[in-house]
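Let's take a friendly walk through a protein model together. Keep the picture open beside you, and look up each residue as we come to it.

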2 protein chains.
Amino acid sequence: MNRRNFLKTAAIATTASTITAPAIAQPTPELRWRMALSWPKSLDTLFGACEQFAKRVAELTDNKFQIQLFAAGEIVPGLQVLDAVQNGTVEAGNTGGYYYWGKDPSFAFSTAVPFGLNTRQAEAWFYHGGGHELLNELYAQYNCYGIASGNTGAQMGGWFRKELHTVDDLKGIKMRIGGFAGKVISKLGVIPQQLAPGDIYPSLEKGTIDAAEWVGPYDDEKLGFVKVAKYYYSPGWWEGGANGVTLINLEKWQSLSKTYQAVVTSAAHEASLWLTSKYDHVNPPAIRRLVSAGAQIRVFSEEQLEAAYKAANETYAEISQTNPRFKKLLDSMTAFRNDSYQWWQVCEWPYDTFQIRMRGKA
Amino acid sequence: MNRRNFLKTAAIATTASTITAPAIAQPTPELRWRMALSWPKSLDTLFGACEQFAKRVAELTDNKFQIQLFAAGEIVPGLQVLDAVQNGTVEAGNTGGYYYWGKDPSFAFSTAVPFGLNTRQAEAWFYHGGGHELLNELYAQYNCYGIASGNTGAQMGGWFRKELHTVDDLKGIKMRIGGFAGKVISKLGVIPQQLAPGDIYPSLEKGTIDAAEWVGPYDDEKLGFVKVAKYYYSPGWWEGGANGVTLINLEKWQSLSKTYQAVVTSAAHEASLWLTSKYDHVNPPAIRRLVSAGAQIRVFSEEQLEAAYKAANETYAEISQTNPRFKKLLDSMTAFRNDSYQWWQVCEWPYDTFQIRMRGKA
């Protein structure tokens, strides 16, 4: 099947190409792919990283390999990108793996799980710690190949209409919260709501929901939440560092020349760096603007965080009983996290702690 | 000059190439470059990132663009990489910019300055915050183009033969410490020593020096310091996130096709991600091994850190009086750092803090 596909792609490429090398050996054929995204164009962070990716793929190939981007809903609904890539409706996509946790909760590890890895830890686990290989065993079941493609940094815990004082204050809160985290937070009495981005603000305004989490200051600011729910909670313990993933139809991936596989991989990795550093550049001024606009920053209490931690671990234990793939990913991620934070507290954390303290004195 | 160089390179390339496109328009000529590194082969972190870079450049170009690596001292002494690239002895290099702070202290911002940016902040400042452009004004004066190429993470503060209790305990300490940081730490009475890597261990063993900083657990372990100086101090406040830089002779850079400029840039950015995640993967087990081998981890006291912070700011003020380029870089970096930590303390820091606390409870 792969052999057949390779020949087909190469044959098409030769027709379009002006170079006379034999089709079978052609490393850089003319190629046009369609890439469906889970992101609206207004997210110049997540959508922007995909633009960087497609631009770089073109530049690296003297414009022979062109990837056309489609924002959420243009040709594929935002939360059906996996399905579209799996079925070959599009050659590639960029999405949050955890949107598909209903198919298999193992997909949550593609993006973020409650009390999981921070941004640098996630990159290290994907790149060197086995995460990439374990996740690709999962993606392959869905006829996809995946490359982690950028992290938002630790996300905020969302906008609440009322201040929270105790764990019990969470009970009965109707909250827009993404995917797998909803399963965990419901153990604390929160009633998770799935809403499209455009529906969140009016629901909060009307009081149909009491709280909503989205991403962080820069992305959240665009949706205007500060006007209708001023308590801005931190941290988003369900997304200590949330990753996008570039998904490629498995046969399309295998049909690529080694050169083009390198092009896609390099551009995707570069987009990772672009995305995290973009967030780290735009979030600081955004949080200042939000505070000026009336946002009241609150940190979840130790009691609330510990209750959530317990709820997360209970959820993990329950799923692990029947899902060996989930357990395998959980064990790998947890071991990595525990080792990593042991080191983090020795050097990174004291450095950041001192730097933060000196800002207070400045 | 650039036009002439471009034609020369293209002409050489055409001779070696089997493709018949006109030389002037050839985006992917055969090309062989030599790249001198400041790193010995034994540093599979820093040297390894350069191997990844060269391998990727070859893969992206169907092996047409080959970059041959030379470890420190093979053809260029480790601390003269800038000079070799500037003079065109080699087309490219990978080094720590701060090794050249004696030419201009502005070079320190290429790598790290005391109480400067952490790893993610450095990437964000380079990529989106103007750091890349400001540094390239400096590199251009030395006939180079530079791309930030990977960060070690926060480094450790080094190995001390005796425990330090007060600020005064630093007085008279003979310490191997790199470049610009030596200028700052000497204000606290430390006597900085410049030693090649191979000379550090014997000097510590004999007591010719009292302390030595190198990188962090994984790299330090190889040099065996734990056997002769067991107090391992944190954090290395002079390298809260230290960057390597890929330097390219400016004319060679300008002679590259747009395609090859994209290849070099993408591969260098990808190597950045590779390097930081490599360190984040190998340091956690290394710190455990070092503790098992007898390392006593200590954190510099608040008093010591504040004295160092004051010394750093005094040094910055002194240099800024006579060096406008240094002042421009300092102002840009400082503004970025202050904004960034204001946001960092809202979300990343509380997330990491809770995660570290839960490890203590596990």
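**A walk through the model**

With a relative accessibility of 4%, Leu43(A) counts as buried, because buried here means under 20% relative accessible area. The model you are looking at is a predicted one. You can find Leu43(A) in the loop between β1 (31-37) and α2 (46-60) of chain A. What does Leu43(A) contact, leaving aside its neighbours within four places in sequence? Its partners are Gly48(A), Trp214(A), Asp219(A) and Lys222(A).

Now move along chain A to Lys328(A), a residue of helix α13 (residues 324-344). Is Lys328(A) buried, partly exposed or exposed? Its relative accessible area is 45%, so Lys328(A) is partly exposed. Not counting residues up to four places away in sequence, Lys328(A) touches Leu134(A) and Glu137(A). Asp280(A) is 48 residues from Lys328(A) along the chain, and 32 Å separates their C-alpha atoms.

Next, let's look at aromatic rings. Over all chains, the structure holds 53 aromatic pairs. One of them is formed by Phe180(B) and Tyr316(B): the ring centres are 6.3 Å apart and the planes are at 5 degrees, so this pair is stacked. Where do the two partners sit in the chain? Phe180(B) belongs to helix α7 (residues 179-185) of chain B and Tyr316(B) to helix α12 (residues 302-322) of chain B, so the pair links parts of the chain that are distant, 136 residues apart. Phe180(B) has a relative accessible area of 1% and is buried. Tyr316(B), at 5%, is buried as well.

Phe180(B) also pairs with Phe326(B). Here the ring centres are 6.2 Å apart and the planes meet at 50 degrees, so the pair is tilted. This pair, too, links distant parts of the chain: Phe180(B) in helix α7 and Phe326(B) in helix α13 (residues 324-344) of chain B are 146 residues apart. Both Phe180(B) and Phe326(B) are buried. Over in chain A, ring pairs join Trp39(A), Tyr98(A), Tyr99(A), Tyr100(A), Phe107(A), Tyr139(A) and Tyr142(A) into a cluster.

The axis of helix α5 (residues 119-127) of chain B comes within 10 Å of the axis of α13(B), and the two cross at roughly 130 degrees. That angle makes α5(B) oblique to α13(B), and the crossing is right-handed. On the α5(B) side, the residues in contact are Arg120(B), Gln121(B), Ala124(B) and Trp125(B). On the α13(B) side they are Leu329(B), Ser332(B), Met333(B), Phe336(B), Ser340(B), Tyr341(B) and Trp344(B). By class, this contact has seven nonpolar, three polar and one charged residue.

How do α6(B) and α13(B) cross? Their axes come within 10 Å and cross at roughly 155 degrees. The two helices are therefore roughly antiparallel to each other, and α6(B) passes α13(B) in a left-handed crossing. From α6(B), Leu134(B), Leu135(B), Glu137(B), Leu138(B) and Gln141(B) take part, meeting Arg325(B), Lys328(B), Leu329(B) and Ser332(B) of α13(B). The residues of this contact divide into four nonpolar, two polar and three charged.

Finally, let's turn to some details of the backbone. In chain A, a cis peptide bond joins Ser234(A) and Pro235(A), with omega about -15 degrees. Pro235(A) sits in the loop between β9 (231-234) and β10 (243-249) of chain A. In chain B, the peptide bond from Ser234(B) to Pro235(B) is cis, with omega near -15 degrees, and Pro235(B) lies in the loop between β9 (231-234) and β10 (243-249) of that chain.

Which values of phi stand out in chain B? Asp62(B) has a phi near 55 degrees, a positive value in a residue other than glycine. Asp62(B) is in the loop between α2 (46-60) and β2 (65-70) of chain B, and at 35% relative accessibility it counts as partly exposed. Asn143(B) is not a glycine either, and has a positive phi of about 60 degrees. Look for Asn143(B) in the loop between α6 (131-141) and β4 (144-151) of chain B.

Key
Residues numbered from 1 in each chain as written. Chains lettered and ligands numbered in written order. Predicted model: local features only at pLDDT ≥ 70, side-chain atom pairs only at ≥ 80, totals over all residues. Heavy atoms only, no water. Phe/Tyr/Trp six-rings, centres within 6.5 Å; stacked < 30°, edge-to-face > 60°. Helix = DSSP H or I, 4+ residues; strand = E, 2+ residues; numbered from the N terminus. Buried < 20%, exposed > 50% of the residue type's maximum accessible area, 1.4 Å probe, protein only. Axes fitted to C-alpha atoms, helices over the stretch in contact; angles between N-to-C directions. Parallel < 35°, antiparallel > 145°, perpendicular 65-115°, else oblique. Left-handed = near helix turned anticlockwise from the far one by under 90°. Contact = heavy atoms within 4.5 Å. Nonpolar A, V, L, I, M, F, W, Y, C, P; charged D, E, K, R; others polar.
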